[in-house]
Amino acid sequence: MNNERNFTGMNRRQFLQTGASCAASAMFLSLGRTVAWAAPTTSNLVPFATLNNGVQMPLLGLGTMTLKGDIGMRSVAEAIALGYRLIDTAMIYGTETTVAASIKQSGIKREELFITSKLWKSDMGYESAKKGFQTSLDKLGTDYLDLYLIHRPAGDIKGAWKAMEELYHAGKIKAIGVSNFKPAQLADLIANSEVKPAIHQIETHAFFQESTSLESLKQLGIQMEAWAPLAEGRHGLFTNTTLTTIGKKYNKTVAQVCLRWHFQRGIIAIPRSKQQAHLAENINIYDFSLDDSDLAAIATLDLNTTQFPEWS
Ligand SMILES: NC(=O)c1ccc[n+]([C@@H]2O[C@H](COP(=O)([O-])OP(=O)(O)OC[C@H]3O[C@@H](n4cnc5c(N)ncnc54)[C@H](OP(=O)(O)O)[C@@H]3O)[C@@H](O)[C@H]2O)c1
């Protein structure tokens with residue numbers, strides 16, 4: 001990925017257009033309208049990262065963990081209408097069918113979306129991975145995925161990766177990657193495989209900044225993606241004094257400050273929300289910039305440890 005190129009490569013006109021479009025979306029929302037306007041045929045709101053195989057991936061998307069049923073349908077539809085194009089799901093979330101139904105109802109063309117799903121631990125190994133992938137594909141009602149990740153390292157990782165490499169070469173997956181790998185597990189996979197992961201999706205937020213991982217992934221040419229980019233609000237994130245003070249400076253919320261921070265670090269973020277106002281807020285981050293003093297203040301918040309010990 002070439003974050004620098006994408007972050008600094010946006011010219012001033014594109015940058016201002018992006019901000020203006022977001023502001024327009026927010027205006028509609030502040031008037032209390034539901035999703036009544038047509039989804040744009042293409043979304044120019046969110047800048048892209050270029051992955052190590054040339055695939056372009058939006059730097060912001062919608063996380064769908066827990067967004068099932070009617071709430072999930074509505075949230076995905078509202079996100080698409082607001083300009084989100086990256087949707088992150090996984091077999092284990094049980095949200096693939098909801099995502100599929102919502103996309104179908106939105107009428108948006110498949111090729112305008114960037115859909116990620118993930119292979120769960122129970123499907124590791126060559127044959128199981130192929131079956132697991134096909135099940136996800138069927139549930140999502142599509143014939144290819146933009147990104148498929150090994151959700152957690154477990155079992156026969158190499159067999160699963162071989163299956164994913166074959167699916168990648170067959171054009172069934174545009175990019176393959178991993179999630180929650182330790183550095184040694186990632187190094188082992190890279191040393192023993194043909195296709196290098198394009199993405200590493202890991203827990204990253206203001207309280208667990210993963211700066212060492214960010215540097216080493218850059219060196220490896222692997223794009224970092226943040227799960228729980230808002231820490232699910234844990235550790236008092238939304239009322240944190242440092243983040244609130246920075247937000248006041250730019251007339252932005254804590255969520256916007258955090259998502260802008262991910263963007264300026266060149267990290268893809270996939271915040272989840274079931275609230276239309278939050279969805280609009282979270283994509284409206286391209287009309288301001290955190291300065292060096294803001295970045296230094298946020299750096300002091302790092303606790304350098306997971307806020308999700310239950311998943312470690
Ligand atoms: N690879 C992995 O192992 C892994 C693990 C965890 C998550 N993920 C992925 O990452 C995605 C994001 O992580 P996450 O869902 O755990 O947490 P998150 O996105 O950090 O936080 C979601 C929480 O933040 C709230 N929120 C969102 N926008 C807000 C705003 N503008 N103002 C105030 N509150 C706001 C949401 O509440 P409202 O709904 O009320 O807005 C929700 O409670 C997941 O959905 C999933 O797709 C991957």
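Start by selecting Ile202: this residue stands opposite Ala226 in S9. Before going on, know that this is a predicted model, where local features need pLDDT of at least 70, side-chain atom pairs count only at pLDDT 80 or more, and totals for chains, interfaces and linings use all residues. Residues are numbered from 1 along each chain as its sequence is written.

Now colour strands S8 and S9. Five bridges join S8 to S9, and the two run parallel. Two strands pair here if DSSP finds at least two bridges between them. The element names come from DSSP too: helices (H or I, at least four residues) and strands (E, at least two) are DSSP runs, numbered from the N terminus. In general, strands of a sheet pair through backbone hydrogen bonds, either parallel or antiparallel.

Why is S9 described as largely enclosed by the rest of the structure? Five of its five residues are buried, so the rest of the structure largely encloses it. Buried means that 20 or more other C-beta atoms lie within 10 Å of the residue's own; with 12 or fewer the residue is exposed, in between it is partly exposed, and C-beta atoms are placed from the backbone. Show the side chains: Gln223, Glu225 and Trp227 are on one side of S9, Met224 and Ala226 are on the other, and all are buried. In a regular strand the side chains alternate between the two faces of the sheet.

Click on Glu225 and look across to S10, where Ile268 stands opposite. S9 and S10 run parallel and are joined by two bridges.

**Zoom out to the sheet**

Which order do the strands of the open sheet have? There are eight of them, S3-S4-S5-S6-S7-S8-S9-S10, with parallel pairing. Strand S3 (61–63) and strand S10 (268–269) stand at the edges with a single partner strand each, so one side of each has no neighbour in the sheet. Helix H5 (residues 126–140) packs on the sheet, where it touches strand S5 (114–119) and strand S6 (145–150), and its direction makes about 140 degrees with that of S5. Touching is about contacts, meaning C-beta atoms, placed from the backbone, that lie within 7 Å. For the angle, axes are lines fitted to C-alpha atoms, for helices over the stretch in contact, and angles run from 0 to 180 degrees between N-to-C directions.

**Select S5**

S5 is mostly covered, with six of its six residues buried. Phe114, Thr116 and Lys118 point one way, while Ile115, Ser117 and Leu119 point the other way. On to the partners of S5: strand S4 (residues 86–88) pairs with S5 in the parallel sense over three bridges, and Ile87 has Ile115 as its bridge partner. S6 runs parallel to S5 as well, joined by four bridges, with Thr116 opposite Leu147. S5, H5 and S6 make a right-handed β-α-β unit, and so do S4, helix H4 (residues 96–106) and S5.

**Select the ligand**

Which residues come nearest to the ligand? Of the 27 residues around the ligand, they are Gly63, Trp227, Ala255, Arg272 and Ser273. Near means that a residue's C-beta atom, placed from the backbone, lies within 6 Å. Helix H11 (residues 276–283) gives the most to this shell, with three residues.

**Last stop: two loops**

Select Ala231 in the loop between S9 and helix H9 (241–250). Its phi is near 55 degrees, a positive value in a residue other than glycine. Asn251, in the loop between H9 and helix H10 (254–264), has a positive phi too, near 60 degrees. Buried or exposed: what is Asn251? Asn251 counts as exposed because it has 8 C-beta neighbours inside 10 Å. Ala231 has 21 inside 10 Å, so Ala231 counts as buried.

Key
Two residues are in contact if their C-beta atoms, placed from the backbone, lie within 7 Å. A crossover is right-handed if, with the strands pointing away from the viewer, the path from the first strand over the helix to the second runs clockwise.
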